[in-house]
Amino acid sequence: ELIELQCDDGLRGKFRITTPLQFWSSLAASGTFPALVSGALRIASFFGSTYACEQLFSKMKTTKSKTRSELSDQRLTDVLLLSSTKIEPNL
């Protein structure tokens, strides 16, 4: 599959004009190169989840500082859940 993909001029041009995620998603939709597409999308998902995890640990470090070390685990979980959600409160 890799050799076929590398030799296809049409796909090479498509790769140059789209983002990598759009390119692999379009290949997934067309059903071509299933093994390559599966691997590429699996690798792409690592970076998004790593970023979210690092961002959450950073928020936890800021929230649970020396002055706020008495926070219970449940309260810290609640604070992190509120700070990491994308839902806007309707006040």
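1. The contact (heavy atoms within 4.5 Å) is made by L11, K14 and F15 of α2 with P20, F23, S26 and L27 of α3. These residues divide into 5 nonpolar, 1 polar and 1 charged (Ala, Val, Leu, Ile, Met, Phe, Trp, Tyr, Cys and Pro count as nonpolar, Asp, Glu, Lys and Arg as charged, and the others, Gly among them, as polar).

2. Before going on, a word on the source: this is a predicted model, in which local features need pLDDT of at least 70 and side-chain atom pairs count only at pLDDT 80 or more, while totals for chains, interfaces and linings use all residues. Residues are numbered from 1 along each chain as its sequence is written, and side-chain values use heavy atoms, with hydrogens and water left out.

3. Now the geometry of that pair. The axes of α2 and α3 come within 8 Å and cross at roughly 140 degrees, which makes α2 oblique to α3 (under 35 degrees is roughly parallel, over 145 roughly antiparallel, 65 to 115 roughly perpendicular and the rest oblique). Helices here are DSSP runs of H or I with at least four residues, numbered from the N terminus.

4. F23, W24 and L27 of α3 are buried (under 20% relative accessible area, with exposed over 50% and partly exposed in between, using a 1.4 Å probe and protein chains only). Seen down the axis, the buried residues of α3 fall within an arc of 90 degrees, so they line one face of the helix. The face turned away from that buried side carries the exposed residues L21 and A29.

5. Do look at W24 in α3. W24 is buried, with a relative accessible area of 16%. Leaving aside its neighbours within four places in sequence, W24 is in contact with L5, L36, V37, A40 and L41.

6. Two backbone angles may interest you. Just after α3, G31 takes a positive phi of about 85 degrees. F33, in the loop between α3 (20-30) and α4 (34-63), has a positive phi of about 55 degrees although it is not a glycine. F33 counts as buried because its relative accessibility is 11%.

7. Lastly, G10 sits in helix α2 (residues 9-17) and counts as exposed at 53% relative accessibility.

Notes: Axes fitted to C-alpha atoms, helices over the stretch in contact; angles between N-to-C directions. Arc of directions from axis to C-beta.
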